[in-house]
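Hi there,

Here is the structure I promised to pass on to you. Have a look at it first, and my notes follow below.

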Amino acid sequence: MEIKKVGVVGCGFMGSGITQACAQSGYQVIVSEINDEILNKGLTTIDYYLTRSVLKSKISQQDKDSALARIKGTTNTRDFSDCDLVIEVVPENIDLKKEVFTRIDKICSEHTILASNTSCISIFELAKATNRPEKVLGTHFLSPVPPSKLLEIVRSAATSDETLEIGKKFGESLGKTVIVAKDVPPFIFNRLLMALEGTALQMLEEGIATKEDIDKSMTLGLYHPIGPIALLDFNGIDVAYKVCQAMYEQTKDPQYAPSPLIKKMIEAGWLGRKTGKGFYDYK
Ligand SMILES: NC(=O)c1ccc[n+]([C@@H]2O[C@H](COP(=O)([O-])OP(=O)(O)OC[C@H]3O[C@@H](n4cnc5c(N)ncnc54)[C@H](O)[C@@H]3O)[C@@H](O)[C@H]2O)c1
């Protein structure tokens, strides 16, 4: 089966990036939101990042115009009826995601593949909310989506070989290298990232090392482009909190519970680079 038209449910932080990446790779994309105001905000974000790429001479004006022409926004999920692939990118809430899967399953044709961008919910649990569990898989994109080189695909116990192959080909067509994880959240990338960031935070809290030295140990010792503490600032302390909280709720594993330090920083409004202050000062 050839994917021509992609549906994206949710045009927030990740959904707008996924929409942009698909459109830039030549797919027709339809993206939905809960109301026109949030939809327009998401579409404006895509326009902003494409314009920035033109200004940096990464793409031409024509590339930008063609990508935008391939994107259609909607607030009516019925518009997903002729999509070959629909990617769910709504907030990390299992009831909400199941509700989206059940609705999309009823609207889409038999051949349509359904995917979730979930970070920590079992794909099998979501597949059970549909009548096509063999056509359901995880497509865990990393942020920022368009330049990211990696796509983690999650195969549930019910995902068919054919669906997995189509998912892999789709990821490669977006210019990503695909890795395949078993359906055991938090999958590969987040499992490693959370272990690194969790240990870095614990060392900071216990006064074992300064933030600068923790970061240097990874940038100079392991050639990471950025240290774990600076990475928390880069991605946003609130984003780290959200991911930890969702992971903890799903797994009940205390290693994923948000650290007290992160909670204090959120209370103080120190969310990282975007607020000018996080663990480091950016003013
Ligand atoms: N933020 C990250 O770095 C990151 C990375 C990888 C995966 N994820 C996962 O991606 C998903 C989305 O995360 P996000 O950071 O983009 O969240 P977000 O809050 O920025 O975006 C979610 C969007 O979904 C919309 N939405 C809610 N219900 C909807 C519905 N029924 N129909 C259409 N739109 C609806 C919301 O209005 C919102 O704009 C989550 O599952 C998250 O775990 C996030």
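**What I found**

Lys252 sits in the loop between α10 and α11 (260–268), where helices (H or I, at least four residues) and strands (E, at least two) are DSSP runs, numbered from the N terminus. Its phi is positive, about 60°, although Lys252 is not a glycine. Lys252 is exposed, with 9 other C-beta atoms within 10 Å. For burial, a residue is buried if 20 or more other C-beta atoms lie within 10 Å of its own, exposed if 12 or fewer, and partly exposed in between, with C-beta atoms placed from the backbone.

Before you read on, please keep in mind that this is a predicted model: local features need pLDDT of at least 70, side-chain atom pairs count only at pLDDT 80 or more, and totals for chains, interfaces and linings use all residues. Residues are numbered from 1 along each chain as its sequence is written.

Ser57 is another non-glycine residue with a positive phi, near 60°. Ser57 lies in the loop between α2 (36–55) and α3 (61–69), and it is exposed, with 7 other C-beta atoms within 10 Å.

You will also come across cis peptide bonds. One joins Ser143 and Pro144, with omega about -10°; Pro144 belongs to the loop between β6 (136–141) and β7 (150–155). A cis peptide bond also joins Pro185 and Pro186, with omega about 10°, and Pro186 is in the loop between β8 (177–182) and α7.

Now for the chain as a whole. The protein chain has eleven helices and eight strands. Its C-alpha trace spans about 55 × 45 × 35 Å along the principal axes. With 283 residues, a compact globule would have a radius of gyration near 19 Å, and the chain agrees at 19 Å; this radius is taken over C-alpha atoms, and the globule rule is 2.2 Å times the number of residues to the power 0.38. Of the 283 residues, 41% count as buried.

The domain assignment, which comes from an automatic or database source, gives domain 1 (5–182) and domain 2 (189–273). Their centres, taken over C-alpha atoms, are 27 Å apart. Six residues of domain 1 are in contact with six residues of domain 2, contact meaning that the C-beta atoms of two residues, placed from the backbone, lie within 7 Å.

Which helix is largely enclosed by the rest of the structure? That is α9 (residues 228–235), because seven of its eight residues are buried. Among them are Pro228, Ile229 and Leu232. The buried residues of α9 pack against α7 (189–205), α8 (211–219) and α10 (237–251). Just after α9, Gly236 takes a positive phi of about 105°.

Finally, the ligand. Of the 23 residues around it, Gly10, Gly12, Phe13, Met14 and Ser119 come nearest; a residue is near a molecule or strand if its C-beta atom, placed from the backbone, lies within 6 Å of it. Helices α1 (13–24) and α4 (94–107) are the elements that give two or more residues to this shell, and α1 gives the largest share, three residues. The shell divides into twelve nonpolar, nine polar and two charged residues. Here Ala, Val, Leu, Ile, Met, Phe, Trp, Tyr, Cys and Pro count as nonpolar, Asp, Glu, Lys and Arg as charged, and the others, Gly among them, as polar.

Best wishes
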